[in-house]
Amino acid sequence: MEKERRSADVVIVGGGASGLAAAIELGMKAPDLDVLVIEKMPEPGRKIRATGSGRCNISNTGAAGFSRIMEFFREIGLVTRVYENGLVYPYSESAADVVTLLTERAASLGVKFACGEELMSIKYISSSLVSESLPGSNLFRLETVLKDRDGMRSIITQTSFVIMAMGGKAGPSFGTIGDGFRIARNLGHKIVTPVPALTGIECDEWDAGRRPCGITLGGTRSAGVVSLYKDPDEVFGEETKVFEEAGEIQFTKYGLSGICVFNMTRHMRYDRRAGESLDEFLVKVDLFPDGDIAEYIRDRQNGNFADTPAGEILRTVLKEPLADYVIASAGSGPDESGRAFEDRPISSFNDEEVRAIADHVHALEFHPVQIRGWNDAQVTMGGVSLDEINEATSESLLVKNLYITGELADRDFQCGGYNLSNAWITGLAAADDIVQLYATLL
Ligand SMILES: Cc1cc2nc3c(=O)[nH]c(=O)nc-3n(C[C@H](O)[C@H](O)[C@H](O)COP(=O)(O)OP(=O)(O)OC[C@H]3O[C@@H](n4cnc5c(N)ncnc54)[C@H](O)[C@@H]3O)c2cc1C
């Protein structure tokens, strides 16, 4: 294959959130620098378009570097608004608008884009030479492959600075399949095993043989509290609780989902490919966190509701599939006159039976068997070890003038704008460091 050659002062690999922030910052602060963004997808920002269900939850007032991020967006003319819990969105609530603004702003500042081009390898000349680097000297040699209608071409790019903003493995359809990990490893970096996070979990209770009375919960949503217990001995006492969050729990066709469940997966690190299991984890769901269901039932055991069947009483506080599921799980079978548990009048329930229902309403147990895979995950847990990255500048501590930003590094956060914040702020830090270095060398 014939190889084309070109050069740039700074090459940013990855036109995602981090790469675009770095490109614009360089364009604004060091207009003389020749900046090239290499992006393997046909256009930059594919993942950004999908964020926040197309609304792009760009930041959070509680995120590290929040004011710096807002300053950046003000400078490029993005109007934002802050919602409950500090969530920040573009005023238009359109992720597509954010991508248009970022790419147009970068292009207007002279940033060049090479889209549809995939980075295959990075080589640097030698570590002793690299430490004496100067802008203008070509220290890195990047090999990329461009596939277009003329066929496949290999391109060699020489550059003084590289920003690796290649993301992780979550959402591979947006271009992130973990290339960055392989390339960083080849440059000598340690990679903390990447695993999917911010996604749903598959549970044993969805196995057809384990469903009480064959009841399926798929398609049901409920407000509640999820708690995660971690105990290698599988006793799961209160002291083994490692996570708790209130929110909307979605019972899907495979198991549990919803923002609070997504956040829980960050506490369930396990490597399926290494044969690890999730046996040491147990999830409990409180479906009635605002009160004591036992008290609620006892109130109804006398008076107007005394003859109402237990199933009906539960359906006054829980959605039907959940009420049926709870009662089927807590139930002890038909009584001596053949009446099913859920059909017995509430007044006929003794203390032990009320307690059994309450235990299932306040601590309904689910046994996780699998975290959903990369296609469903919003973020990568793991990545380039933080021990080898300068936290303030995003520069590699192993290879001078190489920067590792965004999700490629071993940093992940809960839902709510924190992961994009990490991408923006680490991209900006890399760009600012290059700008500063460049200024001292002029
Ligand atoms: C569906 C979904 C919704 C999300 N919603 C939110 C949200 O609302 N708020 C939030 O804070 N976070 C959200 N996230 C997480 C957030 O999008 C990511 O953490 C963030 O985009 C990471 O930024 P990044 O720049 O590090 O990587 P990315 O944005 O993933 O960009 C990496 C880029 O590198 C390119 N690339 C990779 N390999 C190569 C190669 N070999 N050669 C050339 N280019 C390459 C990719 O094509 C990609 O464009 C969401 C994620 C998903 C999947």
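Start by selecting the ligand: 39 residues surround it, and the closest are Gly14, Gly16, Gly167, Gly175 and Gly406 (a residue is near a molecule if its C-beta atom, placed from the backbone, lies within 6 Å of it). What you see is a predicted model, in which local features need pLDDT of at least 70, side-chain atom pairs count only at pLDDT 80 or more, and totals for chains, interfaces and linings use all residues. Residues are numbered from 1 along each chain as its sequence is written.

Next, colour the elements that give two or more residues to this shell, among them helix H1 (17–29), strand E2 (35–39) and helix H12 (418–441). Helices (H or I, at least four residues) and strands (E, at least two) are DSSP runs, numbered from the N terminus. H12 supplies the largest share of the shell, 4 residues.

Finally, show the open sheet of 7 antiparallel strands, in the order E16-E15-E12-E13-E14-E11-E17; strands pair if DSSP finds at least two bridges between them. Strand E16 (364–366) and strand E17 (368–371) stand at the edges with a single partner strand each, so one side of each lacks a neighbour in the sheet. Zoom in on strand E11 (residues 201–203) and strand E14 (residues 255–257), an antiparallel pair over 2 bridges. There, Glu202 stands opposite Gly255 in E14.
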